[in-house]
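User: I have a model open and would like to go through it piece by piece. Can we start?

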Amino acid sequence: MSWFESLILGLVQGLTEFLPVSSSAHLRLTAAFSGWEDPGAAFTAITQIGTEAAVLIYFRKDIGRIISAWTRSLTNKALRSDPDARMGWLVIVGSIPIGVLGVTLKDQIEGPFRDLRITATMLIGMGIVLGVADRLAARDESGGKHRAPKQRKALEDLGVRDGLIYGVCQAMALIPGVSRSGATISGGLFMGYKREAAARYSFLLAIPAVLASGVFELKDATEGGHVSWGPTIFATIIAFGVGYAVIAWFMKFISTRSFMPFVYYRIALGVLLFVLVGAGVLSPHAGESGG
């Protein structure tokens, strides 16, 4: 991997990690459109450490409170009803599905799941799901001619059942094209949570999974020697800086706007991808060039 490739891929990772458009799909597509080799699941996992560092800094006050309350609740039963302590447990519970499936499906994630036809299908399918979830949320918030607006749930209403459902939604993002934030936010909206609450828990829930995945891939890459360390570290730093700016923008955006622009983008990109693969311009498989 060249330094220029790592610059572009780092920018793409930072720009798309927190938006409901699938960063892994965009890394794969950027390489395919540019005629570069597929950066691979290891590169994606390692650069995500950079974007998760941005989450840690942006939500540092929330995370600090959660860790403090959760740690103290281990020895003080009275603190176990504290919202921050409960959030600590719910993040752990919500991380179980992706942890189990990430290990179980590792070979598929690094191989068959990276087929561009699967990516295109997931872009369109999850785009439709996000669109429906967004419309349901908008209907509740605005009410209608014959009904009052419906109060949607806040993070304080989150329980074990909802936490596990969030976790299953997050696990779907193991398939390129799904989008971690897109799947978890859609799940949250369908369960009746506010947009900001769904997005905030989505970002907090991603921290253990992404950091664990990155460390796991770092271990494999160190032993296998199949990663270009200089460019990969450079891309990770770029992803961190860009990702922090995107988080700040996105949290303000969703407080007043809908997710429909992302829905239209996903569907259009998925259709374009099907056309290019069908025409032989792009090969659906990593490491192959189109006709």
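User: Is D62 buried or exposed?
Analyst: Keep in mind that this is a predicted model. D62 is buried, because its relative accessible area is 17% and buried means under 20%.

User: Where does D62 sit, and what does its side chain touch?
Analyst: D62 is in helix 4, which covers residues 60–73. Its side chain makes a polar contact with the side chain of R200, at 2.7 Å.

User: Which residues are in the salt-bridge network with D62?
Analyst: The network links D62, R65, D84 and R200 through salt bridges.

User: Take D84 and R65. What is the distance there?
Analyst: Their side chains meet in a salt bridge with N to O at 3.2 Å. D84 belongs to helix 5 and R65 to helix 4, and the two are 19 residues apart, so the pair links distant parts of the chain.

User: And is R65 buried or partly exposed?
Analyst: R65 is partly exposed, with a relative accessible area of 43%.

User: How many salt bridges are there?
Analyst: The count is 8. One of them joins D134 and R195, whose closest N and O atoms are 3.0 Å apart. D134 lies in helix 7 and R195 in helix 10, so this bridge ties together parts that are 61 residues apart in sequence.

User: Are those two buried or exposed?
Analyst: D134 is buried, at 1% relative accessible area. R195 is buried too, at 6%.

User: What about D162, which residue does it pair with?
Analyst: D162 forms a salt bridge with K153, at 3.1 Å from N to O. D162 is buried, with a relative accessible area of 5%, whereas K153 counts as partly exposed at 24%.

User: New topic: the inside. How many residues does the largest nonpolar core have?
Analyst: The largest nonpolar core has 41 residues. Those with the most contacts inside it are F59, Y166, Y201, F203, I247, F250 and F259.

User: Which elements give two or more residues to that core?
Analyst: They are helix 3 (40–58), helix 4, helix 5 (83–104), helix 7, helix 9 (180–190), helix 10 (195–224), helix 11 (229–256) and helix 12 (260–278). A second, separate core has 10 residues, including A32, A120, L123 and L282.

User: Back to F250. What is it in contact with?
Analyst: Setting aside neighbours within four places in sequence, F250 is in contact with F18, L19, P20, I185, A199, F203, F259 and F262.

User: I185 is in helix 9, then. How many residues of helix 9 are buried?
Analyst: Helix 9 is mostly covered, with 10 of its 11 residues buried. Among them are R180, T184, I185 and L189.

User: What comes just after helix 9?
Analyst: G192 does, and this glycine takes a positive phi of about 95 degrees.

User: Now the outside. Which residues form the nonpolar patch on the surface?
Analyst: The patch is formed by I128, V129, V132 and F190, with about 320 Å² of accessible area together. Helix 7, residues 116–142, gives the largest share, 3 residues.

User: Take V132. Why is it not called buried?
Analyst: V132 is in helix 7. Its relative accessible area is 42%, so V132 is partly exposed; buried would mean under 20%.

Note on methods
Residues are numbered from 1 along each chain as its sequence is written. This is a predicted model: local features need pLDDT of at least 70, side-chain atom pairs count only at pLDDT 80 or more; totals for chains, interfaces and linings use all residues. Side-chain values use heavy atoms; hydrogens and water are left out. Patches are made of residues with over 30% relative accessible area and no salt bridge: like charges are joined within 9 Å, nonpolar side chains (Val, Leu, Ile, Met, Phe, Trp, Tyr) within 5 Å. Accessible areas come from the Shrake-Rupley method with a 1.4 Å probe; for residues, only the protein chains shown count as cover. A salt bridge is a side-chain nitrogen of Lys or Arg within 4 Å of a carboxyl oxygen of Asp or Glu. Helices (H or I, at least four residues) and strands (E, at least two) are DSSP runs, numbered from the N terminus. Buried means under 20% relative accessible area, exposed over 50%, partly exposed in between (1.4 Å probe, protein chains only). A polar contact is a pair of N or O atoms within 3.5 Å; within protein, one must be able to donate a hydrogen and the other to accept it, and residues adjacent in sequence count only if both atoms are side-chain atoms. A nonpolar core is a set of buried Ala, Val, Leu, Ile, Met, Phe, Trp, Tyr and Cys residues joined through side-chain atoms within 4.5 Å. Contact means heavy atoms within 4.5 Å.
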